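This briefing covers pockets, a cavity and helix packing. Please look over the sequence and the structure before reading on.

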Amino acid sequence: MKNFGLIGAAGYIAPRHMKAIKDTGNNLLAAYDKFDSVGIMDSHFPNADFFTEFERFDRHVEKLKRSEQKIDYVSICSPNYLHDSHIRFGLRVEANVICEKPLVLNPWNIDALGEVEKEHGTRVFNILQLRLHPSIIALQKRIEEGPKDKIYDIDLAYITSRGHWYYTSWKGDESKSGGIATNIGVHFYDMLTWVFGAVKKNVVHIHTHDRAAGYFELEKARVRWFLSINADTLPYHVKAKGGRTYRSLTIENEEIEFSDGFTELHTHSYQHILDGFGFGLEEARPSIEIVHDIRYMHPSGLNGDYHPLAAGKLAKHPFFVGI
């Protein structure tokens with residue numbers, strides 16, 4: 001049994017990490033979040049110590065480090081801009097680290113973390129769960145065994161509706177979340193480069209507060225992509241059924257279904273790490289480079305080969321004041 005600490009216990013994704021720790025037969029000893037709405041812990045680890053001040057959490061973990069209950073892994077579910085600092089904390093207390101996406105906001109943070117790994121002899125693992133999804137594994141195998149010189153045409157769309165709360169949370173602050181592409185797209189960019197190879201060309205057509213769209217040329221694919229948090233951008237057939245989320249991946253006009261099977265992927269990710277595998281710093285690098293480039297790239301507008309959903313009418317920021 002391994003001992004875990006968890007940072008970001010009140011966050012949306014934290015319950016999946018708690019469940020993964022429990023389902024893999026391990027124990028959560030201590031958790032931290034500046035917010036105290038963490039009653040979900042009673043369902044998994046009611047005896048875990050909880051702190052709302054990082055300094056006290058730090059002191060407790062250091063105390064455990066010198067006892068028979070040393071923390072082996074620190075799981076990080078905190079806001080994106082804090083990942084780098086919290087990863088460093090985990091490494092400094094001589095624990096391995098399991099961090100949610102995106103691992104960090106900038107590619108050079110990966111280089112620096114590599115140095116900290118070497119200093120302390122522990123490792124950083126990123127949750128890249130789409131690589132463990134059965135449909136994506138099957139797709140990767142299909143492409144690997146297919147014609148070596150074939151270039152596939154792909155359309156990717158992901159719409160996950162968010163209310164006005166989004167814009168007053170850290171998620172709506174690009175300096176903290178990294179923006180739309182970083183916050184909701186990084187998994188998909190990782191999956192695409194894992195299956196179809198490195199980016200040769202990266203074009204951004206649209207990048208606003210509620211959507212982003214662009215075009216990639218990968219080693220084995222041409223990809224038109226569209227991301228949105230605005231329910232108005234949902235296709236009509238999804239709206240008609242009252243749907244709030246839309247995932248679509250088409251390859252050569254063939255739909256690849258991967259909407260199901262997400263529930264247990266965090267547990268699979270944890271088991272993968274505990275079995276001696278896991279995806280480290282370098283595996284995370286390609287997607288971090290992509291989202292960093294998208295964040296600072298000037299959108300070209302609807303020119304060239306753009307995703308059909310990108311042609312929809314743009315929306316004003318819900319808190320925009322003006323004519």
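Strand β7 gives the largest share of the lining of the second largest pocket, three residues. Helices and strands here are DSSP runs (H or I of at least four residues for helices, E of at least two for strands), numbered from the N terminus. The model is predicted, so local features need pLDDT of at least 70 and side-chain atom pairs count only at pLDDT 80 or more, while totals for chains, interfaces and linings use all residues. Residues are numbered from 1 along each chain as its sequence is written, and side-chain values use heavy atoms, with hydrogens and water left out.

**Second largest pocket**

- The volume of the second largest pocket is about 150 Å³; a volume is the space filled by probe spheres set on grid points, which are joined across faces, edges and corners.
- A pocket is an open set of points on a 1 Å grid over the protein atoms alone, with protein on both sides within 12 Å along at least five of seven lines, and lining residues have an atom within 4 Å of a point.
- The second largest pocket is lined by D153, I154, D155, Y215, R222, R224, T250, E252, N253 and D305.
- Both β7 and β10 (221-228) supply at least two residues of this lining.
- By class, the lining of the second largest pocket has six charged, two polar and two nonpolar residues; Ala, Val, Leu, Ile, Met, Phe, Trp, Tyr, Cys and Pro count as nonpolar, Asp, Glu, Lys and Arg as charged, and the others, Gly among them, as polar.

**Largest pocket**

- The largest pocket holds about 1,200 Å³ of space.
- It is lined by 41 residues, of which Y12, I13, K101, W170 and K171 are the closest to its centre.
- At least two lining residues each come from α3 (83-92), β7 (152-160), α6 (165-168), α8 (180-196) and β11 (245-251).
- Helix α8 gives the most to the lining of the largest pocket, four residues.
- The lining of the largest pocket divides into 18 nonpolar, 14 polar and nine charged residues.

**Cavity**

- One cavity of 30 Å³ or more is found in a search of the whole structure; a cavity is a set of grid points where a 1.4 Å probe fits but cannot get out.
- The largest cavity contains about 30 Å³ of space.
- Its lining consists of N126, I127, L128, L132, S269, H272, I273, G278 and F279.
- Helix α10 (residues 265-274) provides the largest share of the lining of the largest cavity, three residues.
- The lining of the largest cavity has no charged residues, with five nonpolar and four polar.

**Helix packing**

- Helix α4 (residues 107-120) packs against helix α11 (residues 281-296) at an angle of about 160°, with the axes 8 Å apart; axes are lines fitted to C-alpha atoms, for helices over the stretch in contact, and angles run from 0 to 180 degrees between N-to-C directions.
- The pair α4 and α11 is therefore roughly antiparallel (angles over 145 degrees).
- P107, W108, I110, D111, L113, G114 and E117 of α4 meet L281, E282, A284, R285, I288, E289 and H292 of α11; contact means heavy atoms within 4.5 Å.
- This contact of α4 with α11 has seven nonpolar, five charged and two polar residues.
- Helix α2 (residues 54-65) and α3 cross at roughly 25°, and their axes come within 11 Å.
- Helices α2 and α3 are therefore roughly parallel (angles under 35 degrees).
- F54, F57, D58, V61 and K65 of α2 make the contact with H86, F89 and R92 of α3.
- By class, the contact of α2 with α3 has four nonpolar, three charged and one polar residue.

Terms used:
Parallel < 35°, antiparallel > 145°, perpendicular 65-115°, else oblique.
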